[in-house]
Amino acid sequence: MTETKDKGSPSLSRRSLLKAGLASGVAAGAAGAAGAASAAGDPLITEIQDWNRYLGDGVDAAPYGLPSEFESEVVRRNVPWLTADAVASINFTPLHELDGIITPNGLCFERHHGGVAQIRPQDHRLMINGLVDTPLVFTMEDLKRFPRENHVYFLECAANGGMEWRGSQLNGCQFTHGMVHNVMYTGVKLKTLLEEAGVKTNGKWVLPEGADAAHMTRSIPMEKALDDCLVAWKMNGEALRAEQGYPLRLVVPGWEGNMWVKWLRRLEVGDQPWHHREETSKYTDLLETGKARRFTWVMDPKSVITSPSPQMPVSHGKGPMVISGLAWSGNGRITRVDVSLDGGRNWKTARIDGPSLSKSLHRFYLDIDWDGSEMLIQSRAMDEHGFYQPTKNELRAARGENSIYHNNGIQTWYVQKNGAVENVEVS
Ligand code: MTE
Ligand code: CO
């Protein structure tokens, strides 16, 4: 009878496992500098723990699963002084805690201008009107009978990093870069629905409208509407979260988050843009000359090192270190990410790992051997069209100091000898 099958004498098999564990633990400790704590005398190995001694919860203890109780720090956070109240406000994705490219649904940052609308899907309608042959109204059931598609896209608020425009301010990539999330959407192409209604030849713009109290509206050019926009009802395989526009939202790949209208209830077709609030007094970029750039839709290439970062200091001392981060571009795929350890003097090309999808977050790694000295770490993304991130000074030279939106400047983290990390600027 082998030990693994010997259910009758657990103490015997535990003793043998213990011996084996000790032997290999000591060997590993002696050989590898990066090895964990020495096994000898560690009560976590020599003593039986509660989770070993008692049965755990059975199935269905949590019909909808939640993260481990030991991950309670992994949450969205807001910056209370940023906005007057929580209804027209924003919170931030904890990028420093995540890996890979997908943002879990419960951690996607939220941006609401009039709070979260709670809509029974049976009560939701989507209207198409304006310059169309046949104005239409769809129920959720109707929409689910059109051919559907799945795509992973990042959504970035145009104001992401807005507080950092004039200098470094917030200590953590959650706050400097956390107005971005990346999920797989399921939905029907906007083109399919527009074709169903029949766009008249003078129909050149589309105005999506939200059913929330803010009734968000933005003008979208017809070329984009017919290209890759989706009308989506699922994120990462399950229904949209209420915060993300349940039961229906518009997906405008690569373009600023404000255009991704949530709680989507109407699509009006027109022959010119509407010049509504969100594309005049807001979401425009005031230049040094007093002129404002308008209709700056595309989110330019951008990246950030998520670890180490101010909320994710180095806890392990010198030796092997994994530098990790995210890169994205509204123009398409990321083809290259360079990382500097000395404030932009020298650069090394990082390794992009995981799916490399158009208009999606990309995960990069640089594996280094840290000598324990101070570092000024930066990342610089380049997309498939050769566009790359500017330094903060290059950005300010082009756009002045008045801007809030579209800050894609290179971020610097100062890694100190003791492993603490701070947001600084090297321009
Ligand atoms: N749609 C409606 N109806 N109401 C809103 O307040 N906020 C917009 C956009 N769509 C908004 C909206 C803004 S500014 C952004 S950045 C994104 O939704 C945020 O999407 P999220 O909450 O899923 O992160
Ligand atoms: Co926004």
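**Nonpolar cores and the ligand site**

In this predicted model, the largest nonpolar core comprises 56 residues. Leu-126, Leu-193 and Val-231 make the most contacts inside it. Strand 9 (residues 230-235) supplies the largest share of this core, 5 residues. Val-231 has contacts well beyond its sequence neighbours, leaving aside residues up to four places away. Its partners include Leu-126 and Leu-193, together with Gly-187, Val-188 and Leu-190. Val-231 also touches Leu-248, Arg-249, Leu-250 and Leu-264. A second core of 29 residues is separate. Among its members are Ile-101, Met-321, Ile-334 and Leu-361. In soluble globular proteins, nonpolar side chains tend to be buried together.

Val-183 belongs to strand 6 (residues 180-189). Val-183 counts as buried because its relative accessibility is 0%, below the 20% cut-off. Leaving aside residues up to four places away in sequence, Val-183 touches Thr-103, Asn-105, Cys-108, His-151, Val-152, Tyr-153, Met-235 and Asn-236. Val-421 lies 238 residues from Val-183 in sequence. The C-alpha atoms of Val-183 and Val-421 are 29 Å apart.

Ligand 1 is surrounded by 21 residues. The closest are Phe-109, His-113, Asp-212, Arg-249 and Lys-262. At Trp-260, a backbone N or O atom lies 3.1 Å from a nitrogen atom of ligand 1. Ligand 1 exposes 530 Å² when taken alone. The protein buries 100% of that area.

Notes
Residues are numbered from 1 along each chain as its sequence is written. Chains are lettered from A and ligands numbered from 1 in the order in which they are written. This is a predicted model: local features need pLDDT of at least 70, side-chain atom pairs count only at pLDDT 80 or more; totals for chains, interfaces and linings use all residues. Side-chain values use heavy atoms; hydrogens and water are left out. A nonpolar core is a set of buried Ala, Val, Leu, Ile, Met, Phe, Trp, Tyr and Cys residues joined through side-chain atoms within 4.5 Å. Buried means under 20% relative accessible area, exposed over 50%, partly exposed in between (1.4 Å probe, protein chains only). Helices (H or I, at least four residues) and strands (E, at least two) are DSSP runs, numbered from the N terminus. Contact means heavy atoms within 4.5 Å. A residue is near a molecule or strand if one of its heavy atoms lies within 4 Å of it. A polar contact is a pair of N or O atoms within 3.5 Å; within protein, one must be able to donate a hydrogen and the other to accept it, and residues adjacent in sequence count only if both atoms are side-chain atoms. Accessible areas come from the Shrake-Rupley method with a 1.4 Å probe; for residues, only the protein chains shown count as cover.
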